[in-house]
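Colleague: Before I plan around this protein, could you take me through its charged pairs and its main pocket?

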Amino acid sequence: MNGSLHSSPDVVDIKLKRGPAGLGFNIVGGVDQQYVMNDSGIYVSKIKDDGAAAVDGRLQEGDKILAINGVKLEDLTHRATVDLFRTAGEDVELRVMKKLPHHMNGPTGSQPEHKSSMSSLGILLTLAGAASIFAFIYMRHFRKQF
């Protein structure tokens with residue numbers, strides 16, 4: 001390597017062409033606004049429908065942006081990174097580390113098991129509550145007949 005950012009299966013280069021609505025994604029993070037604990041990196045927080053990033057399909061919410069047009073984003077504030085994006089030109093090359101769900105604090109895509117277990121818990125609690133009310137009414141009615 002020539003001293004540039006390391007390459008691994010989790011690091012990809014993505015070239016996007018700026019469209020009418022920009023590059024089509026939002027970012028969070030920076031040294032002044034940490035998004036991931038003990039990491040001042042810049043992360044993709046939202047991919048906008050029909051934007052350049054969504055059409056390309058490789059950039060995902062939760063991915064960490066390591067560089068813009070070869071400029072490393074280490075130790076930059078959020079505002080400085082936004083300014084880099086604004087002045088990056090029409091063709092923008094991003095070096096991206098794909099999201100690793102086990103260390104993210106923020107959005108990591110769909111979580112069907114979590115949502116499913118919460119739904120099941122809610123249903124169980126509702127049924128238990130209904131059974132309690134039914135038992136209370138039944139017992140009250142039963143006592144009145146004696």
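This is a predicted model: local features need pLDDT of at least 70, side-chain atom pairs count only at pLDDT 80 or more; totals for chains, interfaces and linings use all residues.

Colleague: Is Arg95 buried or exposed?

Modeller: The cut-off for a buried residue is a relative accessible area under 20%. Asp13, at 34%, is partly exposed, whereas Arg95 has a relative accessibility of 19% and so counts as buried.

Colleague: Which strands do Lys17 and Asp91 lie in?

Modeller: The side chains of Lys17 and Asp91 meet in a salt bridge, at 3.3 Å from N to O. This pair ties together parts 74 residues apart in sequence, because Lys17 lies in strand 1 and Asp91 in strand 6.

Colleague: Which helix holds both Asp83 and Arg79?

Modeller: Asp83 and Arg79 form a salt bridge whose closest N and O atoms are 4.0 Å apart. The two residues are four apart, about one turn of the helix, and both lie in helix 2.

Colleague: Which element gives the most to the lining of the largest pocket?

Modeller: The largest pocket, with a volume of about 270 Å³, is lined by 13 residues, and among those nearest its centre are Phe25, Val82 and Arg86. Strand 2 (25-29) and helix 2 (78-86) each supply at least two lining residues. With four residues, the element that gives the most is helix 2.

Notes:
Residues are numbered from 1 along each chain as its sequence is written. Side-chain values use heavy atoms; hydrogens and water are left out. On a 1 Å grid over the protein atoms alone, a cavity is a set of points where a 1.4 Å probe fits but cannot get out, and a pocket is an open set with protein on both sides within 12 Å along at least five of seven lines; lining residues have an atom within 4 Å of a point. Grid points are joined across faces, edges and corners, and a volume is the space filled by probe spheres set on the points. Buried means under 20% relative accessible area, exposed over 50%, partly exposed in between (1.4 Å probe, protein chains only).
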